[in-house]
Every structure is written in C-alpha cells, then in structure tokens.
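Please look over the sequence and the structure shown here before reading the notes below.

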Amino acid sequence: MEFTASARSRTGLRDADGMAVASFVLGLVGLLVLNIFLGPAAIVLATLALKRGTGRRGRALLGLGLGVADLVVLAVLASADGSVSWTFGG
C-alpha cells in the first residue's frame with residue numbers, strides 16, 4: 001500500500017497539531033508538578049510543532065510560553081529556599 005504525498009502531509013500536519021496540544025498540556029501541568037522535566041519537554045514539543053507548520057500555532061506558542069514559565073518557577077523555588085521542591089506549611 002502506497003501513500004500519496006497529500007496523505008503524508010495530512011499525517012505530518014496531524015502529528016504537528018498533536019505536538020502543539022501536548023506541549024500546551026505538559027506546560028500547564030508542569031506549573032504544578034515535575035517542572036524540571038515537563039518544562040523542557042513542552043519547549044521541545046512546541047518548537048517541533050512550530051517547525052513542522054502546525055495548524056494550532058497559538059496552542060504551540062502557549063505551550064512554549066508555559067514551558068518557559070515552568071523553568072522560571074523552578075528557578076524562583078530554587079533561589080527562595082535552596083531546593084527544587086515544593087514545601088507546604090512550616
């Protein structure tokens with residue numbers, strides 16, 4: 001079974017759209033937990049989605065911004081108490 005060029009391009013576009021949504025979700029979740037891992041993953045996925053010409057450019061840009069925000073939150077936490085973990089209470 002052979003794929004035509006248009007079928008390949010639709011599949012590639014669908015993959016890029018999925019990467020854009022995944023970067024947004026990972027960036028959003030990364031603000032709360034595991035920002036050291038999810039932030040860079042969101043940045044990489046958003047960059048790949050933008051390079052592949054996603055139809056969800058806004059979602060990819062939000063994922064990129066949230067990934068950067070994850071790393072900023074990590075830096076603030078690390079500088080505030082000298083660790084990279086959340087602490088609740090006294």
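The model is predicted, so local features need pLDDT of at least 70, side-chain atom pairs count only at pLDDT 80 or more, and totals for chains, interfaces and linings use all residues. Residues are numbered from 1 along each chain as its sequence is written, and side-chain values use heavy atoms, with hydrogens and water left out.

**Helices α2 and α3**

- The axes of α2 and helix α3 (residues 57-81) come within 8 Å and cross at roughly 155 degrees; axes are lines fitted to C-alpha atoms, for helices over the stretch in contact, and angles run from 0 to 180 degrees between N-to-C directions.
- That angle makes α2 roughly antiparallel to α3 (over 145 degrees).
- Residues of α2 that meet α3 include I43, A46 and T47, and among their α3 counterparts are L64, V68 and L71 (contact means heavy atoms within 4.5 Å).

**Residue T47**

- T47 sits in helix α2 (residues 35-51); helices are DSSP runs of H or I, at least four residues, numbered from the N terminus.
- T47 counts as partly exposed because its relative accessibility is 33% (between buried, under 20%, and exposed, over 50%, with a 1.4 Å probe and protein chains only).
- A polar atom of the T47 side chain lies 2.8 Å from the backbone oxygen of I43.
- M19 is 28 residues from T47 in sequence, and their C-alpha atoms are 9.1 Å apart.

**Residue L28**

- L28 belongs to helix α1 (residues 5-30).
- With 43% relative accessibility, L28 is also partly exposed.
- L28 and L62 are 34 residues apart along the chain, with 9.2 Å between their C-alpha atoms.

Methods:
Helix = DSSP H or I, 4+ residues; strand = E, 2+ residues; numbered from the N terminus. Polar contact = N/O pair within 3.5 Å; in protein donor to acceptor, adjacent residues only side chain to side chain. Parallel < 35°, antiparallel > 145°, perpendicular 65-115°, else oblique.
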